[in-house]
Amino acid sequence: MSSMTSNNPLRASSLRDSIPPGEPLSLVSVCLDKDTWGILKLFTDSTAMVRLQKHLSDYRVNDHESVLEWIGDPPPDICLLDFDSDRRSAAMVAETIHSDAPETAIFAVSSQSQPDLIIQAMRSGCSEYLLKPLDPEQLLNAVARVGGRRKEKRESDRAQMLAFIGAKGGCGVTTLVTQLGALLASSCSRKTLVLDLHSDFGDAALYLGLTKYRYHFFELAENTDRLDADLLQSFVLHHSSGLDLIPAPHGTEPAHRMAPSALNHVIDFVRSRYDFILVDLPPGLNDENLELLRHCDQVNVVTVAEVSALRNVVRQTDYFTRKHISADRINIVLNRHQKRALITEAQIEKSIGQKIFWKVPNQYVHVVKTISGGDPESQLPTSDVAKNLHDWAAAIGRKSGADEKKKEGRGLLGFWNR
């Protein structure tokens, strides 16, 4: 059996492209000899593809110590494990890491190339077997394969992205976004993020009672060259419901304009880390809103039963379809719905030329209590609007059969049924 490498430079170049830019793979090494460690250090210093997280000098994991405490939490993307000094201990370590941190790819490193030893290492959980002296091109290809698998997984696990935009100001968009987000996080147990993209007067943080923060989304988009998990977490606010929020600016600031490339980078990064992303957009027909909407699986236009708002719904939906946002992605949400309103549902649907997707009942007093308390759940335990939003969140957050299935096989070792 070969050591599973490719020396084709064109192949290596294409594999480099499989790793998302600006997001290096983290790497931990275990018991590497001096020469191999030197080659690894030169490799990691010369490429942005890999970030060396730590070097461990022994194979032992104490009985009382978890693997994650030992190799790091979150676990690294790659663990380079030397099999030469103590093959039995190395195999035991590989099995433990593979069991407790299955997302970590384990590379066996050895001067021995006998097929039975390679198979033994693979059976213990290793996905690559690299021969000494370590060949940088060989290592590059192995690293890029991990990046390719991670990219495929993240694309398959991408969050559903739902935009909410008002037909005009004051339609209750932020209230709906924050309450649905909190319900998705708590009642549906879905990892949910709210993005408040109001450059002025964004209220999502206030509605959730999260008023102390330093950074906002537009600053995150200005730092895409440093974007990684740690930087993202420094921008995220955590609500007691489990909902995460990246807020709008605190006060009036100079106009924020995002380059499409920066927006694309941030959106791709956060979509790999959540089940749902709810976007609170300011009303308006502009290039910034349009660029964001192109990323969204669903565009919810929120309106109320007023002539000016309904006129704007027609204008917005016409604009979106002319800009190639398909009509089947656009939903009309009627907020503050009253059964005996002056403008009936039939009249609304006739004027806007389509069916109302969702109707949220008008219970102003209850909603004001929710906003004042900063807790979308506790303030509305039995109201009609609470039940309505619970039903909507359940419809959005219902897990499909695909979500419940575990992927069988892992990378190059799928045939071992590991």
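These notebook entries record what I looked up in the predicted model shown above.

**Ground rules.** I number residues from 1 along each chain as its sequence is written, and because this is a predicted model I keep local features only at pLDDT of at least 70 and side-chain atom pairs only at pLDDT 80 or more, while totals for chains, interfaces and linings use all residues. For side-chain values I work with heavy atoms, leaving out hydrogens and water.

**Cores.** I looked first for nonpolar cores, meaning sets of buried Ala, Val, Leu, Ile, Met, Phe, Trp, Tyr and Cys residues joined through side-chain atoms within 4.5 Å, where buried is under 20% relative accessible area, exposed is over 50% and partly exposed lies in between, with a 1.4 Å probe and protein chains only. The largest nonpolar core has 81 residues, and the members that touch the most others are F164, L195, I277, L278, L292 and W392. Helix α7 (residues 173-186) gives this core its largest share, eight residues; I take helices (H or I, at least four residues) and strands (E, at least two) as DSSP runs, numbered from the N terminus. Another core, of 25 residues, lies apart from it and includes V30, V93, A108 and M122.

**W392 and its rings.** Counting a contact as heavy atoms within 4.5 Å, and not counting residues up to four places away in sequence, I find W392 touching F164, L176, L180, N300, V333, F357, W358 and V360. F164, F357, W358 and W392 also form one aromatic cluster; rings of Phe, Tyr and Trp (its six-membered ring) pair if their centres lie within 6.5 Å, with planes under 30 degrees apart counted as stacked, over 60 as edge-to-face and the rest as tilted.

**Aromatic pairs.** I note seven aromatic pairs in the structure. Y215 is partly exposed at a relative accessible area of 29%, whereas F235 counts as buried at 5% relative accessibility. F357 and W358 form a tilted pair too, 6.3 Å centre to centre with 45° between the planes, and F357 is partly exposed, with a relative accessible area of 37%.

**Charges over rings.** I count a charge as sitting over a ring if NZ of Lys or CZ of Arg is within 6 Å of the ring centre and within 35 degrees of the ring normal. K191 lies over the face of Y274 at 5.2 Å from the ring centre, and R273 lies over the face of F269 at 3.8 Å from the ring centre.

**Strand β11.** Five of the six residues of strand β11 (residues 298-303) are buried, and I therefore list the strand as mostly covered. Strands pair if DSSP finds at least two bridges between them; β11 runs parallel to strand β6 (residues 160-166), joined by five bridges, and G166 stands opposite V302 in β11. β11 also pairs in the parallel sense with strand β12 (residues 330-337) over five bridges, where V299 stands opposite I330 in β12.

**A262.** In helix α11 (residues 260-271) I find A262, which is buried at a relative accessible area of 12%. A262 touches A221 and T224, not counting residues up to four places away in sequence.
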